[in-house]
Structure formats: C-alpha cells, structure tokens
Amino acid sequence: MIKVAPSILSADYVNLQPDIEKVDQAGAEVLHIDIMDGQFVPALSYGPGWVKAIRPITKMVLDVHMMVQNPERYVDDFAKAGADIIGVHVEATPHIHRALQMIQNAGVTPEVVINPGTPVSAIEPVLDMVGQVLVMTVNPGFGGQKFLHSTVEKIAQLDAIKKAKGYDFDIEVDGGVNDQTVVECAKAGATVAVAGSYVFNADDPAARVQALKDATK
C-alpha cells in the first residue's frame, strides 16, 4: 500500500488547519509543501514561516519540495522551521551533491527531484545520499496537470537501481496522481504518492486519501 502525501498547494489557504486535519485523520502519512520562487518555476508559494506554522498542528512527515533556483540559500531556514524532508531539483543547482550534504548536515532527510525531461542517470551519483527520490510526473509549478505516462519508466529504473545496490530510499511521484494513475506508479516501484487537486478539490478529501491507499493494496 502506497503512502499518501496530500499537497497543500491545492488546499484552502484560509482554512488550512481544518484541511490538514482532515487528511491527517484519514491516514495520510506525509504532508507535501511546494515551495516556488517565481524563477525556477513561474509561480510563487510559501516560505519557512508556513512550515513553522504547520509544524505544531500535525505529526505527519513534512516534505518540503523546493522548486527554487539555488536551493542551498534556504536549506537551513526550512530545516529550522521543522521540515522532515527537504527536496531539491537536480536542475536547480550546479552543486547537487553539496545541496544534499547541507540537508544532511541540518539533520533533515535529503531528497533529490527530477523533472519529466531529466534522465535518471543525472542523479545516479547521489542516490546513495538520499532518503527519497521525487519523480515529477508533470512539469513542476502548476497543479491540476495531466499525468505523463512516459515518466513511469523512470520509476522502474530507480526501483531497479535501488534493488541492485541495496538502497532504501522512497520513490515519490508528484503530478496528475489519482486512483488510476497511482496503480501504474505503485506497480513500477513508487512508494509515496503526492496528490493535490485529486484530494483537496473533492467534497470529501479523506475519502480520496483512502481511495489512493485502496487502489494500491
């Protein structure tokens, strides 16, 4: 059964605490927090203050996904704010090893992220450093996009490397996830599914969390 990571990008910002509590009580293990800087992606969202405000209201793992140019600038701020996982895009820094090392040194689980157009080979040299790999299954920066089926092959490649080398990182998918696409991802080796609009745009977000779990039993 896959772990579910609702993305607050699709939640009600004015009623964020009730929305978080709904998915928490429904059994979601992870809360996905998208950080966007208006440079690496066109949109803007959140900062360390949001993470600090969310930390006391849930025991869910806080997975901070930095869609940020030169993410090294903010690693310490998000670590201090209460992030459990910090994800950085290999495309966003010329120094991915150093960025992941900074996250490790801050006492947080490092995560490396790849866009749909980036091959798995680009992150192979750092896979021994990470606790999670995030495969973007849409282009980053906007919610509500259609799932890119071509990305499933990358999940399978990562799963094969993980098994061959004895690594234990989670494989997370983000973008266009619903109760159908999640099955394809789980079969390929995904262990965590980010879901934004599928969960929070529904009348009953808790039922959607359960639907993702049921689909991957």
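1. Ser197 is partly exposed, having a relative accessible area of 28%, where buried stands for under 20% relative accessible area, exposed for over 50% and partly exposed for what lies in between (1.4 Å probe, protein chains only). Ser197 belongs to helix α7, residues 197-200; helices (H or I, at least four residues) and strands (E, at least two) are DSSP runs, numbered from the N terminus. Leaving aside neighbours within four places in sequence, Ser197 is in contact with Ser10, Gly144 and Ala202, a contact being heavy atoms within 4.5 Å.

2. The model is a predicted one, in which local features need pLDDT of at least 70 and side-chain atom pairs count only at pLDDT 80 or more, while totals for chains, interfaces and linings use all residues. Residues are numbered from 1 along each chain as its sequence is written, and side-chain values use heavy atoms, with hydrogens and water left out.

3. A pocket, on a 1 Å grid over the protein atoms alone, is an open set of points where a 1.4 Å probe fits, with protein on both sides within 12 Å along at least five of seven lines, and its lining residues have an atom within 4 Å of a point. The UniProt positions follow the numbering used here, feature names are shortened, and the annotations may be inferred rather than shown by experiment.

4. Gly141 is buried because its relative accessible area is 7%, and, apart from neighbours within four places in sequence, Gly141 is in contact with Met36, Val41, Ala43 and Met67.

5. A further "binding site" annotation in the unreviewed UniProt entry covers His32, Asp34, His65 and Asp174. These residues are spread over 143 residues of sequence, yet they cluster in space, with a largest C-alpha distance of 10.6 Å. From this set, Asp34, His65 and Asp174 are taken in by the lining of the largest pocket.

6. Is His65 buried or exposed? His65, part of strand β4 (residues 61-67), counts as buried because its relative accessibility is 0%. Beyond neighbours within four places in sequence, the contacts of His65 include His32, Asp34, Gly87, His89 and Asp174. The side chains of His65 and Asp34 are joined by a polar contact of 3.0 Å, meaning a pair of N or O atoms within 3.5 Å, of which, within protein, one must be able to donate a hydrogen and the other to accept it, while residues adjacent in sequence count only if both atoms are side-chain atoms.

7. Asp174 lies in strand β8 (residues 170-174) and, with 10% relative accessibility, counts as buried. A polar contact of 3.3 Å joins the side chains of Asp174 and His32. Among the residues in contact with Asp174, neighbours within four places in sequence left aside, are Asp34, His65, Met136 and Val194.

8. The largest nonpolar core has 63 residues, of which Ile8, Met66, Ile86, Leu100, Val112, Ile123 and Leu158 touch the most other members. Such a core is a set of buried Ala, Val, Leu, Ile, Met, Phe, Trp, Tyr and Cys residues joined through side-chain atoms within 4.5 Å.
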